[in-house]
Amino acid sequence: MTAIISVAVAAAGITAGGLANQINYRNNGKGVTLDVRFIGIVVKSRYGVD
């Protein structure tokens, strides 16, 4: 049971790290928007340039 929880926590950490990297990459000083959909989270620049 502990192994399953450890794997789930590790997967959540990797996902959060990837999301943070996308936000940082797309941020051009004006911020970003997060579009949460059933297919996943889409990160877009507020400039409209992706």
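A residue counts as buried under 20% relative accessible area, as exposed over 50%, and as partly exposed in between (1.4 Å probe, protein chains only). By that scale asparagine 28 is partly exposed, with a relative accessible area of 38%. The structure is a predicted model, in which local features need pLDDT of at least 70 and side-chain atom pairs count only at pLDDT 80 or more, while totals for chains, interfaces and linings use all residues. Residues are numbered from 1 along each chain as its sequence is written, and side-chain values use heavy atoms, with hydrogens and water left out.

**Overall form**

- The protein chain has one helix and two strands, and from the N terminus on these elements run α-β-β.
- Its radius of gyration is 14 Å, well over the 10 Å that the globule rule gives for 50 residues, so the protein chain is more spread out than a compact globule.
- That radius is taken over C-alpha atoms, and the globule rule is 2.2 Å times the number of residues to the power 0.38.
- Along its principal axes the C-alpha trace spans about 45 × 20 × 10 Å.
- Helices (H or I, at least four residues) and strands (E, at least two) are DSSP runs, numbered from the N terminus.

**Surface and contacts**

- Of the 50 residues in the protein chain, 4% count as buried.
- The accessible surface of the protein chain comes to about 4100 Å², and carbon and sulfur atoms hold 62% of this surface.
- Accessible areas come from the Shrake-Rupley method with a 1.4 Å probe; for residues, only the protein chains shown count as cover.
- Among contacts with a separation of 6 or more, 6% are between residues 24 or more positions apart.
- A contact means heavy atoms within 4.5 Å.

- Valine 9 is in helix α1, which covers residues 2-26, and is exposed at a relative accessible area of 56%.
- Tyrosine 25 is also placed in helix α1 and counts as exposed, at 65% relative accessibility.
- Asparagine 28 lies in the loop between α1 and β1.

- Strand β1 (residues 32-37) and strand β2 (residues 40-45) run antiparallel and are joined by six bridges.
- Two strands pair if DSSP finds at least two bridges between them.
- A hairpin of two residues connects β1 to β2.
- Leucine 34 has valine 43 in β2 as its bridge partner, and arginine 37 has glycine 40 in β2.
- In a regular strand the side chains alternate between the two faces of the sheet.
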